[in-house]
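Where does this protein leave open space, and how do its helices pack around one another? Read the report below with the model open beside it.

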Amino acid sequence: MPRLMLTDEMWSKLKAILLDDRVYNKQEHRFTMEGILYRLRVGCPWRDLPEYFGLWNTIYRRFLLWSRKGILLRLFKTLSTNSDTEWEFIDGSYVKAHQHSSGASSDENQAIGLSRGGNTSKIHLAVDSYGLPIEFIVTGGEVHDSKAANALIELLPQSHFIIADKGYDSEAIRDKVRECGSKPVIPRRQNSKQGNGDIDWCLYKYRHLVENAFARLKHFRAIATRYDKLKINFESLLALACSIIWLPM
């Protein structure tokens, strides 16, 4: 019997949200979710799922359905509604794209780009005051953190402070943060003439919370390495991983 991830209490939370999202109340849905979580955790091909969870193609088709309908993304949004957004931390992290993730039969951008590490995707993540994920964007690995910053900031709920590292050193980004009603805590580079006299270094030290969130997410092998061809499927798995972090809260 494979190792399971959901306790009865955790499944009851997930089930209530799925029912509110018009997912039929079927007994096998718990095994379906466990099968998806198993694949998320170990990163195996779908057809290698243990028979304990049911037919692999049934689990895969249901995952595709939930992914296309945005159910797993809304699951994450629902669980993260009670976030503490007094402080918000943002950062980006590379994800190596496996060779099987290339070659999607679609003209749409699948967020796989060529960087110094080869084919990669990049997760741009925001966490709350407790280091819990509240929002993310997935781009190709060639996209710099500062290029995706404005799009990520627009998605965030209003906060008192938004904290980021020197990779976000841009007056345009600071202006965007102020426009959203927050105060930027973003250090300037050494060659800056303005200096860092206005930086709250005590608050900046808590920026490790977003790094810790990346470490927790990459415990899931299907997040640490991207195996999915389609961007929407990788985003759905990432949303599910964020949901698992939120479930015990």
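A pocket is defined on a 1 Å grid over the protein atoms alone: it is an open set of points with protein on both sides within 12 Å along at least five of seven lines, and lining residues have an atom within 4 Å of a point. Grid points are joined across faces, edges and corners, and a volume is the space filled by probe spheres set on the points. The model is predicted, with local features needing pLDDT of at least 70 and side-chain atom pairs pLDDT 80 or more, while totals for chains, interfaces and linings use all residues. Residues are numbered from 1 along each chain as its sequence is written, and side-chain values use heavy atoms, without hydrogens and water.

**Domains**

The assignment gives domain 1 (8–69) and domain 2 (84–228). Such bounds come from an automatic or database domain assignment. The centres of the two domains, taken over C-alpha atoms, lie 29 Å apart. Contact means heavy atoms within 4.5 Å. By that test, six residues of domain 1 touch seven residues of domain 2.

The largest pocket has a volume of about 430 Å³. It is lined by 17 residues, and Arg39, Trp46, Tyr60, Tyr227 and Lys229 are the closest to its centre. Both domains take part: domain 1 and domain 2 each supply at least three lining residues.

Residue classes are simple. Ala, Val, Leu, Ile, Met, Phe, Trp, Tyr, Cys and Pro count as nonpolar; Asp, Glu, Lys and Arg as charged; the others, Gly among them, as polar. On that scheme the lining of the largest pocket has eight nonpolar, five polar and four charged residues.

The second largest pocket has a volume of about 200 Å³. Its lining includes Asp21, Arg22, Tyr24, His29, Arg62, Trp66 and Arg74. Six of its lining residues are charged, five nonpolar and one polar. Helices here are DSSP runs (H or I, at least four residues), numbered from the N terminus. Helix H3 (56–68) and helix H4 (71–79) each supply at least two residues of this lining. H3 gives the most, with three.

**Helix packing**

Axes are lines fitted to C-alpha atoms, for helices over the stretch in contact, and angles run from 0 to 180 degrees between N-to-C directions.

| Pair | Axis distance | Angle |
|---|---|---|
| H1 (8–20) and H2 (29–42) | 11 Å | about 105 degrees |
| H2 and H3 | 10 Å | about 85 degrees |
| H3 and H10 (231–246) | within 9 Å | roughly 90 degrees |

Angles of 65 to 115 degrees count as roughly perpendicular. H1 and H2 are therefore roughly perpendicular. Asp8, Trp11, Leu14 and Leu18 of H1 meet His29, Arg30 and Met33 of H2. That contact holds four nonpolar, one polar and two charged residues.

H2 and H3 are therefore roughly perpendicular too. His29, Thr32, Met33, Gly35 and Ile36 of H2 face Ile59, Arg62, Phe63 and Trp66 of H3 in this contact. Its residues divide into five nonpolar, three polar and one charged.

What is the relative direction of H3 and H10? The two helices are roughly perpendicular to each other. Phe63, Leu64, Ser67 and Arg68 of H3 make the contact with Ile232, Asn233, Ser236 and Leu237 of H10. By class, this contact has four nonpolar, three polar and one charged residue.

Note on methods
On a 1 Å grid over the protein atoms alone, a cavity is a set of points where a 1.4 Å probe fits but cannot get out, and a pocket is an open set with protein on both sides within 12 Å along at least five of seven lines; lining residues have an atom within 4 Å of a point. Angles under 35 degrees count as roughly parallel, over 145 as roughly antiparallel, 65 to 115 as roughly perpendicular and the rest as oblique.
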